[in-house]
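Hi,

Here is the structure I promised to pass on. Have a look at it first, and then read my notes below.

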Amino acid sequence: MYRSAARRLLPAVCRRTGHFRSKAFPVRFSAPIIHPAAFSAAAASENARNHKLNNFEASNSSSSSSSNEGRKPRVTDRPKAHWQEEQARVLQASLRHVISLGWSDAAMIAGAREVGVSPSIVGSFPRKEAALVEFFMDDCLQRLIDIIDLKEDLTNLIPSNRVAKLVRIRLEMQAPYISKWPQALSIQAQPSNIATSFKQRAMLVDEIWHAAGDESTDIDWYVKRTVLGGIYSTTEIYMLTDTSPGFAHLLSVVDFRDTWAFLDERVREAFDLKKTVQEENLDSVPY
Amino acid sequence: MALRSIYRGLKKNNLLSPLCNSCSHLHSHSTSFGYKEVREEEKSQMVGNVFTSVASSYDLMNDLMSGGLHRLWKERLVSKLNPFPGMKHLDVAGGTGDVAFRILESINNVGRRAMRDIHDDNVLDETQIFVCDINPNMLNVGKKRAQERGFGDDKSLVWVEGDAEALKFEDDSMDGYTIAFGIRNVTHIEKALAEAHRVLKRGGRFLCLELSHVELPIFKDLYDYYSFSVIPALGELVAGDRESYQYLVESVRRFPSQEKFAKMIAEAGFDKVEYENLVGGVVAIHSGLKF
């Protein structure tokens, strides 16, 4: 349920992070009961994209407002999404230049040239490099969701292994960019970007737990996500300085063996901690 | 307020003035020149006269009227534009070159140079900034200022005399188009917007910096008082030309509101039309993308 709603939301989040933040969409964790409602409201607006979004934007009281071609909303269904698709294409192309040019204007300009669009478009992204990083994060989440849908063997694993495997799959998507990843992290940590990056990580962690079969509806929901968020972040940072070689010695590919060992340890500790807490609670029962 | 009713009275009187013949109303369209109604053909002539007379003290008056803020507004415009080396940019109604100089400086910025690779330096030579203005006097002032700033020999800066409604540039040739404090003076705004759309490349950006409408309650009254009392008096004192600054203040009031102007830009074919209010709406930067 969350996953399908998230999938519908993602393109919108990817392209309209600025607008969405000022809407009713929850930035922080919200209680599980409210969550489905918020998701479905946002999903509904995605479905009625053209009309509804226009109205949403009209009611935006922030200093900038956007209006698309105001002629005939029905007829211009395709052109309305057009510029967003173009922007996504430019960002996709820019990703290919990140390894050499970093998460910067230069990569985006190179990407725009590649797609055949004037590099002026870079100025239209609200927070430039942050737009590129956020696009990448959303793209990775989407790929993770696709992988979860395809992979059936997750159910064979115990929960802690499932979680570890999913985190590993997700972090492996970042591996090609690892040399420039510290820059991406610093961009995400900037005050103007931190709300969006936090929201993206929250969605990621939620997705992983959902795929691992979590069905908690109380404080556990928050605890699990917070803990996994912590594990994910620390593993990500560990990965930045990990130069352990993998099995492909001949290709001298960094395979992050140490990182995965670190990850497994942390996940195991978290699950052990959970067991300990549960035992404590049971012990406190007077029977 | 009292001021406004006085001006409305003046406007009624002006309708009877020799500026507009009642019989010519039947055959030609009329447009606004401040609070006056004039024939379209005459508006550009009258605007021309205004700028010919203010050209020499234009920059000084800008500084005085805005308290030096106009510099910040132009900086904001250029940072929104995000210029890059190798850019082909057109600055319309940019007579004295303020925006163009800032763009050039931004591209040639030493700090940026440090981050570049070899490829970019070759591309740097392709940068071209066209400054287009309908009034040759304003262009001359601009050329002089360019000399003073050291851009005199810079091949990237090209001064062109032209009309915003009928640009002499080719289709799909510009990466960026800016018009700062110029679009109110154009007789047919839709034509200027259409021309902007025509000359921009795919992915090109349109940016318009213009004095706009203030809606905040008390600030609005203060602003009105300042505009109608202080500015024409300043104009008289400094530039010796009260009429032109009266025109300026009136033309700001007659210009469409932020929302309406955004709709006009969208109708010209631009996507992702947005505007940003500066100083509570005294100035607005509208932007659009061409695809």
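In which sense do strands β1 and β2 of chain B pair, and over how many bridges? They run antiparallel, with four bridges joining residues 30-33 to residues 36-39. (Strands are DSSP runs of E, at least two residues, and helices are runs of H or I, at least four, numbered from the N terminus; two strands pair if DSSP finds at least two bridges between them.) Phe33(B) sits opposite Lys36(B) of β2(B). The two strands make a hairpin with two residues between them, and Gly34(B) in that turn has a positive phi of about 65°.

Before going on: this is a predicted model, where local features need pLDDT of at least 70, side-chain atom pairs need 80 or more, and totals for chains, interfaces and linings use all residues. Residues count from 1 along each chain as written, chains are lettered from A and ligands numbered from 1 in written order, and side-chain values use heavy atoms, leaving out hydrogens and water.

Now the helices in chain A. α8(A) (181-189) packs against α9(A) (191-211) at about 105°, with the axes 6 Å apart (axes are lines fitted to C-alpha atoms over the stretch in contact, and angles run from 0 to 180 degrees between N-to-C directions). So α8(A) is roughly perpendicular to α9(A), a label for 65 to 115 degrees. Leu185(A) and Ile187(A) of α8(A) are among the residues making the contact, as are Pro191(A) and Ile194(A) of α9(A); contact means heavy atoms within 4.5 Å.

Cheers

Definitions and conventions:
Parallel < 35°, antiparallel > 145°, perpendicular 65-115°, else oblique.
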